[in-house]
Amino acid sequence: MKKLLTLACAALISVSALAGNNNSLPLFSFGIKAGYTANQQKFDINTLLSSDAFKKNAAGFNAGIVARMDIPVVPIYVQGELVYDWGKFKGVQLAEGLSTSDVTTNNLSVPVLVGVGIGSSNIVKIRANLGPVFNIMSTAKFSNLKNAESYENVFHRPAVTWTAGIGVDLFNIMVDVRYNGVFKKKEITKVGDLASVNTTPTSWTISVGYLF
């Protein structure tokens, strides 16, 4: 019984400390961020002339702005972002008989995250968050490929994906690692008579930002 009372008191003290730390936070915070994107499956091209599937990893960078609202009393926050993501793929061959092409992608998205934070708001705070990502604009450019418009046009459609990750706030500096997933395993769009393209990416991102 004494052990249970001790644990209950410790839990109450911890919750009170968290609430106190959260109350010292500003209600709204704004910031900037930038980082590295490691795409796991940006393209999944299955040519109709061959049974082989083409998969290629790619890397790029991301940058954006952040708006965070901390909810008083409880250690919960809501964070919205506007993120630009750039990636490049080299040596992509869409079908037999076509020359290889370099592909550059651009994406503008709006993640909306709900998170929980544990720790001191003035020194170090550990966070976990998740939420939907609204991809509002995507483009792609294919080099050294004739009639590339039909391939590029499949990227000009909005999509909704999701993201989840962990982060650390050190004073005003924030560091985040996230996995960006899709609700469906494959979003396939047929392109002419040559290939099908998966235009929804799964990726890992790491970013460093600053809250003002």
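Student: Y179: buried or exposed, or partly exposed?
Tutor: Y179 is partly exposed, at 27% relative accessibility. Buried means under 20% relative accessible area, exposed over 50%, and partly exposed in between, using a 1.4 Å probe and protein chains only. This is a predicted model: local features need pLDDT of at least 70, side-chain atom pairs count only at pLDDT 80 or more, and totals for chains, interfaces and linings use all residues. Residues are numbered from 1 along each chain as its sequence is written, and side-chain values use heavy atoms, with hydrogens and water left out.

Student: How many aromatic pairs are there in the whole structure?
Tutor: Five. Rings of Phe, Tyr and Trp (its six-membered ring) pair if their centres lie within 6.5 Å; planes under 30 degrees apart are stacked, over 60 edge-to-face, the rest tilted.

Student: What is the geometry of W162 and Y179?
Tutor: Their ring centres are 5.7 Å apart and the planes are at 55°, so the pair is tilted. W162 sits in strand 6 and Y179 in strand 7, 17 residues apart. W162 is partly exposed, with a relative accessible area of 28%.

Student: Which residues form a ring cluster?
Tutor: F61, Y84 and W86, linked by ring pairs.

Student: What sits over the ring of Y77?
Tutor: The charged end of R68, 4.9 Å from the ring centre. The test is NZ of Lys or CZ of Arg within 6 Å of the centre and within 35 degrees of the ring normal.

Student: Now salt bridges. How many?
Tutor: Six in the structure. Each needs a side-chain nitrogen of Lys or Arg within 4 Å of a carboxyl oxygen of Asp or Glu.

Student: Which residue does D169 pair with?
Tutor: R127, with the closest N and O atoms 3.0 Å apart. D169 lies in strand 6 and R127 in strand 5, so the bridge ties together parts 42 residues apart in sequence. D169 is buried at 8% relative accessible area, and R127 is buried at 2%.

Student: And D176, what does its side chain meet?
Tutor: R127 again, in a salt bridge of 3.1 Å, N to O. D176 is in strand 7 and R127 in strand 5, so this pair joins parts 49 residues apart in sequence. Salt bridges with shared partners join R68, R127, D169 and D176 into one network.

Student: How far apart are the closest N and O atoms of D70 and K125?
Tutor: 4.0 Å, in a salt bridge. D70 belongs to strand 2 and K125 to strand 5 (residues 124-142), 55 residues apart. D70 is buried at 4% relative accessibility; K125 is buried too, at 6%.

Student: Switching to N62. What does its side chain touch?
Tutor: The side chain of T37, in a polar contact of 2.9 Å. That term means N or O atoms within 3.5 Å; within protein, one must be able to donate a hydrogen and the other to accept it, and residues adjacent in sequence count only if both atoms are side-chain atoms. N62 lies in strand 2 (residues 53-71) and is buried at 5%.

Student: What about F171, where is that?
Tutor: In the loop between strand 6 (159-170) and strand 7 (173-181). Phi of F171 is near 55°, a positive value in a residue other than glycine. Most residues other than glycine have a negative phi. F171 is exposed at 54%.

Student: Overall, how many helices and strands?
Tutor: Two helices and ten strands. Helices (H or I, at least four residues) and strands (E, at least two) are DSSP runs, numbered from the N terminus. Buried residues make up 40% of the 212 residues.
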